[in-house]
Amino acid sequence: MAEENVPADELPLSGITVVSIEQAVAAPFATRQLADLGARVIKVERPGGGDFARRYDTTVHGQSSYFVWLNRSKESLTLDLKTGRGRAVLEELLARADVFVQNLAPGAAARMGLSADDLAERYPTLIPCAVTGYGSSGPWKDRKAYDLLVQCQTGLVSLTGSAREAARAGVSVADIAAGMYAYSGILTALFTRATRGTVRAVEVSLFEALAEWMGQPAYYTAYSGAQPPRVGTRHATIAPYGTYTAADGRDVLLSVQNEREWAALCERFLGDPGLTDDPRFAIGPARVSNREEVDALLAGRIAASGSGEVMALLDAIGIANAPVNDVKQFLEHPVLAARDRWREVAVPGGATVEALLPPVDLAGTTPRMGAVPAAGEHTGRILAELGYTAGQIDELRADGAV
């Protein structure tokens, strides 16, 4: 568990300044994790609206659920980077920053002189991180990439859903994967700079991040000649591993990972020890080949009992199991409550929301759970830090540069 005994200025990334021209999900997810650990993240947004993810929905006290999730503990600075004065402010920030993150449209960073090579010439100690769709080189470098497009391109959608219909993953997995790899890449680059004095640029593409997550089905398909089938809530290559409906209508998932567990399930749950050595079921590949028969055995047994009774018996046997929760049930999960994982975070307008602590606990460290900023909320303060007078800031506002 996180411990509340370390001042904010002693968080692991305290003293690190990140400037990010970011929108949507992937880059904001990377920088939010840096902010959680104490980095100062200055989020550069467009004047007159900011990050378009602010308008994805209005469900959280008038704010977007995406934006609230991804942008706590950041400072928002509005800049019109198409103006000379706005661009000058950005250059002043980059001169003082440790990390620069951007997920601009394809080719935009290079046109603005913000590519890794350009930045290395002007700011040799700055670590640049580019989050792209398909990479900064190659035949698809100029293509737009959104999460569902990448789910389709990597073949993920062909694996999810039922035999009758493919389906997208229910969360933005390509964006999340890219954000996680950008975060770990930035941490690695900071470590390398600190220990070797070497500055390394970081680049992560949504496509290649999700391609990594496709490793198992890729190997399976390449060496079997056929891809894993879509099997709904079942597992494509392990059986029994899936959901079954109990007598009270609640779906229960169970998973058998080895022959020892299969033997226990047959003897103590199905009441038929003879199934253990039945050649149709004796080993994992045989159970997968005879999945319909395995499922019929389990479905009949589970349908005869309530979900609580089923899960209690599976627990006693040592078989992994879980109820199939909806999102409301997840929010009320006893593990999150018992482990004190919720914290209050302020959102624009004065309201607060309950937010989950980051999943990595560092002993003796309390993650920063700061407010979600309004668009441009910190513009004046940041400009003042750069040495601008109140009159000069007013001029910038009047010119539309900020």
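**View 1. Ring pairs join Phe52, Tyr56 and Tyr66 into a cluster.** Rings of Phe, Tyr and Trp (its six-membered ring) pair if their centres lie within 6.5 Å. The structure holds 7 aromatic pairs. The model is predicted: local features need pLDDT of at least 70, side-chain atom pairs count only at pLDDT 80 or more, and totals for chains, interfaces and linings use all residues. Residues are numbered from 1 along each chain as its sequence is written, and side-chain values use heavy atoms, leaving out hydrogens and water.

**View 2. Phe29 and Trp69 form a tilted aromatic pair.** Their centres are 5.6 Å apart, with 40° between the planes. Planes under 30 degrees apart count as stacked, over 60 as edge-to-face and the rest as tilted. Phe29 lies in helix H1 (residues 26-36) and Trp69 in helix H2 (residues 65-70), 40 residues apart. Helices are DSSP runs (H or I, at least four residues), as are strands (E, at least two), numbered from the N terminus. Phe29 is buried at 8% relative accessibility; Trp69 is partly exposed at 32%. Buried means under 20% relative accessible area, exposed over 50%, partly exposed in between (1.4 Å probe, protein chains only).

**View 3. The rings of Tyr134 and Phe207 form a tilted pair.** The centres are 5.6 Å apart and the planes at 45°. Tyr134 sits in the loop between strand S5 (127-132) and helix H6 (147-153). Phe207 belongs to helix H8 (residues 206-213), 73 residues apart from Tyr134. Tyr134 is buried at 10% relative accessibility. Phe207 is partly exposed, at 28%.
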